[in-house]
Amino acid sequence: MANEVHTIGVLTSGGDAPGMNAAIRAVVRRALTEGKQVKGIQRGYAGLLQEEIVDMNKRSVSDIIQRGGTILQTARCTEFTTSEGQEKGAEICKKHGIDGMVVIGGDGSFRGAQKLAACGINTIGVPGTIDLDIACTDYTIGFDTAVNTAMEAIDKVRDTSTSHERCSIIEVMGRGAGFIALWCGVANGAEDVLLPEKYDYDEQRLVNNIIENRKIGKKHHIIINAEGIGHSTSMARRIEAATGVETRATILGYMQRGGSPTARDRMMGSVMGAYAVDCLCRGKSNRVVALRENHVVDFDIDEALAMNKSLNDYEYDICYTLAR
Ligand code: ADP
Ligand code: F6P
């Protein structure tokens with residue numbers, strides 16, 4: 001087990017997610033309460049390499065728990081994927097007295113955290129991504145806000161879809177994962193949901209489904225399409241040509257990443273952020289914080305990154321059953 005730390009750095013990396021600010025606040029205040037010094041690294045690993053490092057006190061994180069985005073800013077940084085970049089990052093940490101680091105981000109950010117830990121900086125990852133695609137954890141900070149934002153937007157599109165008796169293809173985020181799409185599929189009562197983990201690119205099945213639904217009196221047809229499938233606009237053109245049903249595509253985009261975090265994201269950000277500090281105080285390193293069976297736990301990052309995550313087949317099944 002690595003040694004206990006004295007100065008804790010915190011950074012956010014990869015895509016921003018609602019609730020990251022709650023996690024930053026928790027890291028800062030928990031660490032200060034434990035008698036540690038805290039430094040905020042701006043713009044993720046890019047800011048670390050540029051030495052964009054500021055002292056944090058309890059007032060640095062005032063009035064942020066309700067705000068979306070991340071007050072530390074975030075970035076994607078190619079230089080940090082090289083061993084030279086990682087060693088430079090570790091040297092900069094040492095220069096600033098940072099012997100512990102909390103990295104809030106997705107699995108890409110955890111690969112960076114793993115490298116920082118290997119360079120001698122005690123590092124703990126906190127899962128922050130709207131995609132819910134980190135295998136070791138049942139929850140990632142930002143998912144709840146994003147899925148509720150998408151759900152509310154889809155409800156609005158549905159009004160128009162019903163009024164005009166149209167088919168609507170609505171594309172949601174999630175990178176290669178279908179969690180946001182599946183949840184919207186169930187929560188919005190969609191007629192079809194296209195997930196990267198499940199979709200077989202059989203458009204004829206979609207066409208048949210639309211025609212069958214018209215026969216049983218459905219006035220709209222909502223297709224939730226995951227970003228990992230994409231091509232919503234061209235799909236809409238082909239489906240309209242094949243069915244004769246007016247079809248429109250809506251790509252929800254970055255609105256899903258913004259906005260004030262829900263209570264769940266504020267809660268999980270707060271608990272996971274504080275837990276990361278507790279890990280560092282116990283001398284832990286190369287760990288990732290996770291929620292498992294409603295308990296906050298931590299995993300070895302190497303093991304966490306090797307795990308696989310699958311969609312819940314029962315949820316997928318009932319999405320279709322309940323839409324008939
Ligand atoms: P996320 O953390 O949301 O998955 P990315 O995959 O874009 O987002 O990763 C965020 C950043 O983490 C990257 O821009 C890069 O700086 C760092 N990173 C990603 N993969 C690695 C890697 N294999 N080694 C070191 N750093 C990495
Ligand atoms: O990881 C969050 C996410 O919004 C994904 O759903 C999406 O694929 C990606 O980030 C978009 O990244 P960028 O902000 O670089 O366009």
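A polar contact is a pair of N or O atoms within 3.5 Å; within protein, one must be able to donate a hydrogen and the other to accept it, and residues adjacent in sequence count only if both atoms are side-chain atoms. The structure is a predicted model, in which local features need pLDDT of at least 70 and side-chain atom pairs count only at pLDDT 80 or more, while totals for chains, interfaces and linings use all residues. Residues are numbered from 1 along each chain as its sequence is written, and side-chain values use heavy atoms, with hydrogens and water left out.

**View 1. Polar and charged links between domain 1 and domain 2**. Five residue pairs, both at pLDDT 80 or more, are in polar contact between the domains. One salt bridge (a side-chain nitrogen of Lys or Arg within 4 Å of a carboxyl oxygen of Asp or Glu) is counted between domain 1 and domain 2.

**View 2. The domain 1 and domain 2 interface**. An automatic or database assignment sets the bounds: domain 1 spans 7–142 + 261–306 and domain 2 spans 145–257. Contact (heavy atoms within 4.5 Å) involves 13 residues from domain 1 and eleven residues from domain 2. The two domains bury about 1,000 Å² between them, this being the accessible area (1.4 Å probe) lost on being put together, summed over both.

**View 3. The side chains of Arg257 and Asp16**. These two side chains meet in a salt bridge, with an N to O distance of 2.7 Å.

**View 4. Cys279**. Cys279 is in no disulfide (a pair of cysteine sulfur atoms within 2.5 Å); the nearest cysteine sulfur, that of Cys281, is 9.3 Å away.

Conventions:
Chains are lettered from A and ligands numbered from 1 in the order in which they are written.
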